[in-house]
Amino acid sequence: MQDDFLSAMTQEVKEEVINNYLYERRLIEEQINYVKELGEHTIQIQGMLYRRFARMYDLLMKSEFINEFVILLGLKELLLNGWLSDDPEYRKNVRFIKVRGLTDRSKFKKLFLESYRRLYNWNNQYVEAYGDLLKECDAVNKNLKKFEDNYDILTILNFLKNMDVEEITKKHFMGDNFAPEEIASIEKTMRFKPVSIKEFNLIHPSDLPDPDDVYDRLSSLANSVYGRYSENMKTLIK
């Protein structure tokens with residue numbers, strides 16, 4: 001009688017451990033899904049940032065001015081080689097900038113400066129989104145480490161393998177995560193992989209100078225571009 005009682009208590013304790021394990025596992029899964037959502041959001045912002053860079057390159061016309069612009073911003077390298085102005089598709093996804101001025105030169109200068117301001121604003125959004133994603137990845141990985149330290153997966157698996165399919169289904173142990181008949185082959189599946197920001201293929205964020213701080217240098221660059229390619233500006237200035 002006592003043996004039956006102890007056996008029942010042991011079984012109950014094991015089931016409680018399993019339930020706690022699965023509950024915390026689902027919390028981890030939700031956190032991982034949230035990381036993926038943040039990653040997709042950051043990818044979208046990166047795309048918007050790409051298009052603002054592409055517009056600047058479009059306005060700068062040639063590589064010599066693009067390189068000067070990159071140096072002006074303090075960037076280590078030219079970004080977005082695949083998004084240069086020879087591919088006009090980006091224009092479909094950027095808001096049109098309408099400018100006014102007495103001359104085409106003044107219009108181009110306003111267009112150039114406003115384009116940089118919008119690039120700067122999108123870059124700030126990207127820096128923030130990238131930082132949030134990086135922090136969330138770090139937090140999830142810490143939770144993963146704590147979760148795995150708290151539970152012995154092999155012990156849990158052995159306990160589940162000793163239960164029959166009907167009992168596992170009845171107890172709702174595995175929820176929607178695993179089918180009962182898969183219990184014997186899910187050890188690898190039950191182990192989480194650490195999340196990494198690298199899996200989203202994002203560019204490393206850069207701090208761009210405030211538009212007011214580089215106003216004079218941008219204005220001078222705009223004048224140089226216009227002076228060299230004034231005949232090409234008719235399609236850009238509207």
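**Helix packing around α7**

In α2, Glu64, Phe65, Glu68, Phe69 and Leu72 meet Arg217, Leu218, Leu221, Ser224, Val225, Arg228 and Tyr229 of α7 (contact: heavy atoms within 4.5 Å; helices: DSSP runs of H or I, at least four residues, numbered from the N terminus). The model is predicted: local features need pLDDT of at least 70, side-chain atom pairs count only at pLDDT 80 or more, and totals for chains, interfaces and linings use all residues. Residues are numbered from 1 along each chain as its sequence is written, and side-chain values use heavy atoms, with hydrogens and water left out.

Helix α2 (residues 63-73) and α7 pack at about 180°, axes 11 Å apart (axes are lines fitted to C-alpha atoms over the stretch in contact; angles run from 0 to 180 degrees between N-to-C directions). α2 is therefore roughly antiparallel to α7 (over 145 degrees).

Now take α3. The axes of helix α3 (residues 104-150) and helix α7 (residues 215-229) come within 9 Å and cross at roughly 130°. Residues on the α3 side include Phe108, Phe112 and Tyr116.

The largest nonpolar core has 54 residues, and Leu60, Phe69, Phe108, Phe112 and Tyr116 have the most contacts inside it (a set of buried Ala, Val, Leu, Ile, Met, Phe, Trp, Tyr and Cys residues joined through side-chain atoms within 4.5 Å; buried: under 20% relative accessible area, 1.4 Å probe, protein chains only). α3 gives the largest share, 15 residues. Beyond neighbours within four places in sequence, Tyr116 contacts Phe69 and Leu218, among others.

Notes:
Helix = DSSP H or I, 4+ residues; strand = E, 2+ residues; numbered from the N terminus. Parallel < 35°, antiparallel > 145°, perpendicular 65-115°, else oblique. Buried < 20%, exposed > 50% of the residue type's maximum accessible area, 1.4 Å probe, protein only.
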